[in-house]
Amino acid sequence: MPRIRPNRAKKRTLTFAALGLAPAMVAGGLVIGGTATNTPDVTLTNGGPIVLLGHGHGHGRGMGQWGAYGYAKKGWNADRILRHYYGNTTAGKVGSPDITVSLSEKGSVSVRADAGAKVAGQTVAPGQAVSLSGGTATITQGCGGPVVRTVVASFVDPINAGTNRPANELLTFCGGGDKYRGSLGIGPDGVLNKLHVDDYVKGVIPKESVPSWADSGGFEALKAQAVAARTYVLGGLAIGRKINNTQQSQVYHGASGEDPRTNRAADATAGQIRLLNGKPALTEFSASTGGYTAGGDFPAVEDAGDSISPNHSWQVSLSPGQVGSAFGVGSLKSFEVIEANGLGQGSGRTVKVRVSGSGGTVEATGDQARTKLGLKSDWFAVQGQKSIPKIVKPQVGPSAPGGGLLDFLDLSPLTELLGGGLPDLSALGLSDLSALGG
């Protein structure tokens, strides 16, 4: 999954509510606050709490959404933001790919459109509705009305093809009124929405980010989010992933979830993606990096923009019983971080923890500890831990964001002067990726 959302920056462990946002998301022991100390080992007697000092919200890989917002407020454009977080990638463009998204909460298709629709090439008049079942499309006079005719079809199409169609052409579910761009149908993966990737992105950005950032100097961050979301879905399809509308892929609520501000960001970046080794990169993102990205497919880099995140730093207290139960070791004897990545404040993100109790000793990754203990991220230290963890660093990017001197120069005017300078991938078979994903 991509991340933790900003809006729920309070949420997502990415989800973003807090980004804290697009989720993306106790005890560990290591270094207090940022440097190793010689304070006594944490005592677990008398049921005293274990205090964890942490940073960030989500997995921390790729772009940090709060950090992107912070950089946008400092004057960075979307391209610079993307180059910073997605090191080793280059700018690219796609032609006109359609993608297919599984609408997990939908169980059937019964839709209408004010301007009419099409089924198997036949026109469905305004006021008529279409229900799909078993490869048959039943056209009725209004939702649930008398049957007009039936045709063999598994998809309902909009009256006119193309992106950015007006509201009266959007297919609308008879029950609930949810609106979707593109076509709606039924297949092996349930209810499906087939549409242009640029239309898809419009339904993603407001759910994976914070539209109001556009009102406070963060429009470039929303543009960066549009490119990341577009690239992420294409990158997933290119490696055979199927796409749904949940956090397992990206949260997507169709046209009903759109916002004019994020639609502008999608339109301003139409077709733009990031390429890694000539292919769409799997551009993960999370709500808040805590000040340093986690590395992975992209080199780890400092994230000064994250300083404005509500989850830049956090603290949580856990009882020994909670920790022992979470790891299944019985009465807790010790909990410590034994490996960390050494990046950022303190010893950085936790790589491995060791938990000992009356029932034995186990080791777990930092991410597993995050999940078991319900932490906002895997960047945490145990307050009072005396031992210093082994440092295991991931691939690290240059101190100059995005690759050195050129990152400090805004070359977008030159790019525009040269006609964009972005390779068109339509010749690489990316004009229709829906077959790869479902």
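Predicted model: local features only at pLDDT ≥ 70, side-chain atom pairs only at ≥ 80, totals over all residues.
Residues are numbered from 1 along each chain as its sequence is written. Local features need pLDDT of at least 70 and side-chain atom pairs count only at pLDDT 80 or more, while totals for chains, interfaces and linings use all residues; side-chain values use heavy atoms, with hydrogens and water left out.

Side chains of opposite charge can pair when their charged atoms come close. A salt bridge is defined here as a side-chain nitrogen of Lys or Arg within 4 Å of a carboxyl oxygen of Asp or Glu, and the count by this rule is 19.

One of these pairs is Asp-178 with Lys-106, whose closest N and O atoms are 2.6 Å apart. The two residues are 72 residues apart: Asp-178 is in the loop between β14 (171-173) and β15 (179-180), and Lys-106 is in the loop between β6 (98-102) and β7 (109-112). Here helices (H or I, at least four residues) and strands (E, at least two) are DSSP runs, numbered from the N terminus. Relative accessible area, computed with a 1.4 Å probe on protein chains only, is called buried under 20%, exposed over 50% and partly exposed in between. Asp-178 is therefore partly exposed, at 27%, whereas Lys-106, at 16%, is buried.

A second pair consists of Asp-198 and Arg-230, which meet at 2.7 Å, N to O. Because Asp-198 lies in helix α3 (residues 197-208) and Arg-230 in helix α4, the pair ties together parts that are 32 residues apart in sequence. Asp-198 is buried at 14% relative accessibility, and Arg-230 is buried at 0%. Elsewhere, salt bridges that share partners join Glu-336, Glu-339, Lys-352, Arg-354 and Glu-363 into one network.

The sheet comes next. Four strands form an open sheet in the order β25-β24-β23-β27, with mixed pairing; two strands pair if DSSP finds at least two bridges between them. At the edges are β25 (360-365) and β27 (390-391), each of which pairs on one side only. Strands β23 (residues 332-340) and β24 (residues 350-357) run antiparallel and are joined by seven bridges. Val-337 has Val-353 in β24 as its bridge partner.

Two helices pack on this sheet, and each touches β23, β24 and β25; contact means heavy atoms within 4.5 Å. The direction of helix α6 (residues 320-327) makes about 70° with that of β23, and the direction of helix α7 (residues 366-373) makes about 105° with that of β25. Axes are lines fitted to C-alpha atoms, for helices over the stretch in contact, and angles run from 0 to 180 degrees between N-to-C directions.
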